[in-house]
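User: Could you take me through the biggest pocket in this one, slowly, and then through whatever sits around it? I'd like the cut-offs spelled out as you go.

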Amino acid sequence: MGNENFEQKLQKFEEWMYERYAQKTIEDTMRAMKRLIKYGVDINKKESFIAWIREQRKKGKLDKTLNSYIKTYNRYLEFLGIEKIKRFKVKEAYRTMKASEEDFQKLIEACHVNSYTALRNEAMIRLIFTTGIRYKELITLKVTDLNGDVLTVLGKGQKIRQVWVPPTTLKVL
């Protein structure tokens with residue numbers, strides 16, 4: 001396949017993703033695809049990708065890491081209309097730790113320093129802890145997103161959702 005034709009195919013793949021995925025997913029996918037090409041994988045040959053995955057596994061790469069490449073490449077296979085590759089079963093589940101009430105109080109107390117940013121910091125911490133919004137959702141908030149005790153948030157994948165804001169958090173807003 002000629003270089004120009006190859007570039008056109010990759011561009012069509014990117015355009016195809018715009019109908020299905022969020023901007024960040026598209027950027028990450030394209031970056032990973034370019035990395036695969038740099039590593040010598042012929043992305044138009046499924047066997048080439050599978051051979052590269054096997055080689056990486058022999059070198060000791062984690063299944064979790066390889067799964068991210070497989071997930072990316074599966075998007076490309078879907079675009080081509082080719083059957084996807086199964087991902088590895090990951091033995092260790094990723095676990096998040098919940099912050100305790102004590103942790104929350106310590107963070108709030110740390111905001112009560114003589115600083116012009118103290119109230120802002122407390123409001124941000126309260127919003128994250130009491131509504132469950134993500135930090136990326138928090139930093140894109142506008143005053144107009146709050147209507148009474150309901151906050152309209154632009155979430156992952158450009159999805160709009162509404163969350164209830166408790167009275168204790170409203171007080172600092």
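Analyst: The largest pocket has a volume of about 580 Å³. A pocket here is an open set of points on a 1 Å grid over the protein atoms alone, with protein on both sides within 12 Å along at least five of seven lines; a cavity would be a set of points where a 1.4 Å probe fits but cannot get out, and lining residues have an atom within 4 Å of a point. Grid points are joined across faces, edges and corners, and the volume is the space filled by probe spheres set on those points. There are 23 lining residues, and the closest to the pocket's centre are Lys136, Gly155, Lys156, Gly157 and Gln158.

Before going on, a word on the source: this is a predicted model, so local features need pLDDT of at least 70 and side-chain atom pairs count only at pLDDT 80 or more, while totals for chains, interfaces and linings use all residues. Residues are numbered from 1 along each chain as its sequence is written, and side-chain values use heavy atoms, with hydrogens and water left out.

Helices (H or I, at least four residues) and strands (E, at least two) are DSSP runs, numbered from the N terminus.

Take the strand side next. Strand 2 (residues 150-154) is joined to strand 3 by five bridges, and the two run antiparallel. Two strands count as paired if DSSP finds at least two bridges between them. Val150 has Trp164 as its bridge partner in strand 3, and Leu154 has Ile160. Strands 2 and 3 form a hairpin with five residues between them, and Gly157 in that turn has a positive phi of about 70 degrees.

A salt bridge means a side-chain nitrogen of Lys or Arg within 4 Å of a carboxyl oxygen of Asp or Glu. Asp28 counts as partly exposed because its relative accessibility is 30%, and Lys24 gets that label at 45%. For the labels, buried is under 20% relative accessible area, exposed is over 50%, and partly exposed is in between (1.4 Å probe, protein chains only). Lys24, Asp28 and Arg31 are linked in a network of salt bridges.

The total comes to 11 salt bridges. Another one joins Arg134 and Glu137, at 3.0 Å from N to O. Glu137 is buried, with a relative accessible area of 3%, whereas Arg134 is partly exposed at 40%. Then there's Asp63 with Arg57, whose closest N and O atoms are 2.9 Å apart. Asp63 counts as buried at 16% relative accessibility, while Arg57 counts as partly exposed at 40%.

Leu107, Ile128, Phe129, Tyr135 and Ile139 form a nonpolar patch on the surface, with about 480 Å² of accessible area together. Patch members have over 30% relative accessible area and no salt bridge; nonpolar side chains (Val, Leu, Ile, Met, Phe, Trp, Tyr) are joined within 5 Å, and like charges within 9 Å. The areas come from the Shrake-Rupley method with a 1.4 Å probe, and for residues only the protein chains shown count as cover. Helix 6 (118-131) and helix 7 (135-139) each supply at least two residues of this patch. Ile128 sits in helix 6 and, at 31% relative accessibility, counts as partly exposed.
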